Amino acid sequence: MDLRRIARIVDTALERIAGASDLAELSVIDTEVVGRRSQISVARRGIGALDPSRRKEAGRAINQAIRSLKEAIEQRRVNLEIEAENLLLEQDRVDVTLPYGRLPRGTHHLLTVTMNEVCDIFRCIGYQVAEGPELELAWYNFDALNTPPTHPSRFESDTMYVESADAEARSGADELLLRTQTSPMQARFMEKHPPPVYVVVPGRVFRTDTWDATHSPVFHQIEGLAVDSDITFGDLKGTLAYFAKEFFGEQTRTRFVPHFFPFTEPSAEMLVWFNGEWLEMLGCGMVDPNVFEAVGYDPAEVTGFAFGMGVERLAMVKHSIRDIRHFYENDLRVLGQFR
Ligand code: DAH
């Protein structure tokens with residue numbers, strides 16, 4: 001056994017170990033340089049065949065060579081593990097300055113915002129908020145509200161009647177329709193609750209209107225009703241003028257002009273002075289005693305006022321929106337302006 005040959009084997013092996021570029025390659029090299037069939041192992045097995053005088057020296061040299069190779073492999077393994085770990089950290093690094101796929105933030109629709117605003121104003125002065133059905137009986141939409149069978153709003157040119165399985169059997173007050181106003185909730189609410197009543201009712205209403213800049217066959221209203229033992233027209237004016245200031249601003253001026261609605265007597269329209277003109281903002285009046293009778297209230301015991309306003313109209317005036325169709329076309333360039 002030539003000691004120089006052993007030194008050469010070791011040198012070559014050390015070079016290969018140092019050159020291993022990853023753990024898998026190192027493991028292959030490990031087997032090849034110190035495994036059972038490696039040159040050095042073969043040399044060790046050959047020691048027995050040597051001349052006894054040389055065995056000791058050769059044995060020591062070979063053992064020393066194997067030990068240094070194993071150490072070198074171990075050292076290289078540790079280094080490769082650290083390198084692999086660092087590489088992983090480097091690849092996993094998060095660049096917090098990169099833009100990410102942000103979801104656009106949503107918002108309530110302006111009509112929802114407006115309804116909430118109005119309801120909040122009334123809630124703050126003690127009103128409850130209630131909602132009613134969109135599919136309604138003619139009784140609640142018309143009869144209970146003192147609207148005679150001949151009233152023009154009942155014609156099909158204004159009201160959308162709904163066919164039902166028992167349509168044949170339905171007539172007059174029993175007919176089904178899409179409510180043309182939120183007013184039917186006045187009757188429904190009073191039927192269920194004894195006085196006093198202070199309630200506002202936001203909701204969707206339907207008419208056979210043709211779609212244009214100021215009309216839509218579907219729109220929204222907010223109804224209001226106050227019934228108590230001694231409510232006067234002064235309460236009506238005070239409440240609604242207060243509402244107008246809260247909604248449009250402290251400087252808002254209001255005016256009440258006579259009008260007609262079947263379910264109130266007297267009836268009025270409230271106008272608001274806005275951008276240099278008087279604009280009709282809502283209908284109102286003192287609840288007609290016939291309505292109290294229809295719902296089982298005693299007209300001798302209670303008085304009240306009612307009002308109804310169009311939500312689209314309120315929003316259009318407040319935000320200078322010229323075309324009602326903007327509310328329904330869902331163009332984000334429009335809707336996004338009202339966050
Ligand atoms: N319901 C009426 C409409 O749609 C609005 C209205 C007027 C409601 C007077 C009322 C009221 O409660 O008292 O035109």
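Biologist: How far apart are the end C-alpha atoms of helix α5, and what span should its residues give?

Modeller: Keep in mind that this is a predicted model. Helix α5 covers residues 110-123, and at 1.5 Å a residue its 14 residues should span 20 Å. The end C-alpha atoms are 19 Å apart, which agrees.

Biologist: OK, and which residues of α5 are buried?

Modeller: Leu110, Leu111, Thr114, Met115, Val118, Cys119, Ile121 and Phe122. Around the axis they cover an arc of only 170°, so they sit on the same side of α5.

Biologist: Which residues have the most contacts inside the largest nonpolar core?

Modeller: Phe122, Leu240, Phe243, Phe307 and Met309, in a core of 41 residues. Several elements supply at least two residues each, including β5, α8 and β9. The largest share comes from α5, with 7 residues. In soluble globular proteins, nonpolar side chains tend to be buried together.

Biologist: Back to Phe122: what does it touch, leaving out residues up to four places away in sequence?

Modeller: Phe122 touches Tyr127, Val200, Thr239, Leu240, Phe243, Phe307 and Met309. There's also a second, separate core of 21 residues, with Met190, Val197, Leu225 and Ala306 among them.

Biologist: New topic. Where is Ala213, and is it buried or partly exposed?

Modeller: Ala213 lies in the loop between β4 and β5. Its relative accessibility is 27%, so Ala213 counts as partly exposed.

Biologist: Which residues does Ala213 touch beyond four places away in sequence?

Modeller: Met316, Arg322, Asp323, Ile324 and Arg325. Also, the C-alpha atoms of Ala213 and His326 are separated by 8.9 Å, though these residues are 113 residues apart along the chain.

How values were computed
Residues numbered from 1 in each chain as written. Predicted model: local features only at pLDDT ≥ 70, side-chain atom pairs only at ≥ 80, totals over all residues. Heavy atoms only, no water. Helix = DSSP H or I, 4+ residues; strand = E, 2+ residues; numbered from the N terminus. Expected span 1.5 Å × (residues − 1). Buried < 20%, exposed > 50% of the residue type's maximum accessible area, 1.4 Å probe, protein only. Arc of directions from axis to C-beta. Core = buried A, V, L, I, M, F, W, Y, C linked by side-chain atoms within 4.5 Å. Contact = heavy atoms within 4.5 Å.
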